[in-house]
Amino acid sequence: MPVTIRTLKKRKDDGEKFSVLTAYDATFSRLISEAGVDAILIGDSLGNVIQGQDSTVPVTLEQMVYHTECVARGNQGSLIIADVPFMGAATLESTLDAATALMQAGANVIKLEGGAWLADAITVLKRNGVPVCAHMGLTPQSVNAFGGYRVQGKDEAGARELLDAAYTLDRAGAALFVLECVPRTLSAEITAAVEAPVIGIGAAPECDGQVLVMHDMLGLNPRPARFVKDFMAESDGGVAGAFRAYHEAVKSGRFPADEHCF
Ligand code: KIV
Ligand code: NA
């Protein structure tokens, strides 16, 4: 049975964790979905790990569409989430154009970086049959505005703003959330507060699901972030074994541990 947004919502309501990994091509998409990983994200992190850029800012919609098509061909039943790239959500019109292209390329859900201002777009997209994942906290497309990759929601005002935005977008009809580099206690609070399942990265074990960039969890990043764990070390057989180990670690609540959180 293919994984849908209903599957993930049921997992949340039943208190069961779910796993997500990024993929950018058909071969890894097949391996990841066959390992039981619940969802695959075509992240604009492809700018970093595929293209060698130093941020996600240069990634285009055309490139996201191409990689989404590749991943969709290899997928064996995982939920496919595709990133709307830099400036894709600048206007409602551009948001709808990006969503159309990514859904027609094979995405089941599109992911938008931002905050409370995404509410209208989320409502319009939902009305048109497009589930949206709202990515909050450290939103890498805004690295230049943040002045670096930094943990978000650390002070009281920042924490309040994130929690309020989560409420607003949950009410607007967000299907999923990603929280990136948000303190553990705040991540847990947001996860408990919203109806939609929350996926963490550098967030909290209390999140409903977890995501990592595939190259990171295969130990291919020479300077991994704090929230990364190398699952090749506990693989029972190559790359496919590392995907299975990750899935099991997330399901059982063994990943992330304290050392992966802020
Ligand atoms: O682009 C990406 O891989 C992402 C995840 C890290 C959440 O947005
Ligand atoms: Na991304």
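Leaving aside its neighbours within four places in sequence, which residues is Leu21 in contact with? Leu21 is in contact with Ile32, Val37, Ile40, Val211, Leu212, Met214, Phe243 and Tyr246, where two residues count as in contact if their C-beta atoms, placed from the backbone, lie within 7 Å.

Before going further, a word on what we are looking at. This is a predicted model, in which local features need pLDDT of at least 70 and side-chain atom pairs count only at pLDDT 80 or more, while totals for chains, interfaces and linings use all residues. Residues are numbered from 1 along each chain as its sequence is written, and chains are lettered from A and ligands numbered from 1 in the order in which they are written.

Helices here are DSSP runs of H or I with at least four residues, strands are runs of E with at least two, and both are numbered from the N terminus.

Let me turn to helix 2 and helix 4. In helix 2, which covers residues 26–34, the buried residues are Phe28, Ser29, Leu31, Ile32 and Ser33, and what covers them includes strand 1, strand 2, helix 4, helix 10 and helix 11. Just after helix 2, Gly36 takes a positive phi of about 95°.

How far apart are the end C-alpha atoms of helix 4? They are 20 Å apart, which agrees with the 20 Å that its 14 residues, 61–74, should span at 1.5 Å a residue, the expected span being 1.5 Å times one less than the number of residues. Within helix 4, Leu61, Met64, Val65, His67, Thr68, Cys70 and Val71 are buried, and their cover includes helix 2, strand 2, helix 3, strand 3 and helix 5.

The axes of these two helices come within 7 Å and cross at roughly 45°; axes are lines fitted to C-alpha atoms, for helices over the stretch in contact, and angles run from 0 to 180 degrees between N-to-C directions. Helix 2 and helix 4 are therefore oblique to each other, since angles under 35 degrees count as roughly parallel, over 145 as roughly antiparallel, 65 to 115 as roughly perpendicular and the rest as oblique. Their crossing is right-handed, a term used when the near helix is turned clockwise from the far one by less than a right angle, with anticlockwise being left-handed. At this meeting, Ala26, Thr27, Ser29 and Arg30 in helix 2 face contacts with Cys70, Val71, Arg73 and Gly74 in helix 4.

A second pair is helix 8, residues 156–172, and helix 9, residues 184–193, which pack at an angle of about 20° with their axes 10 Å apart. That makes helix 8 roughly parallel to helix 9, and this crossing is right-handed. Ala159, Leu162, Leu163, Ala166 and Tyr167 in helix 8 meet Leu186, Glu189, Ile190 and Ala193 in helix 9.

Now for some single residues. Cys181 lies in the loop between strand 6 and helix 9, and has a positive phi of about 50° although it is not a glycine. Is Cys181 buried or exposed? With 24 C-beta neighbours inside 10 Å, Cys181 counts as buried. Met87, in the loop between strand 3 and helix 5, has a positive phi of about 70° and is not a glycine either, but with 13 C-beta neighbours inside 10 Å, Met87 counts as partly exposed.

Returning to helix 11, we find Gly241 there, and with 15 C-beta neighbours inside 10 Å it counts as partly exposed. The C-alpha atoms of Gly241 and Ile32 are separated by 9.9 Å, although the two residues are 209 residues apart along the chain. Finally, in the segment after helix 11 we come to Pro256, where the peptide bond from Phe255 to Pro256 is cis, with omega near 0°.

How values were computed: Buried ≥ 20, exposed ≤ 12 C-beta atoms within 10 Å, placed from the backbone.
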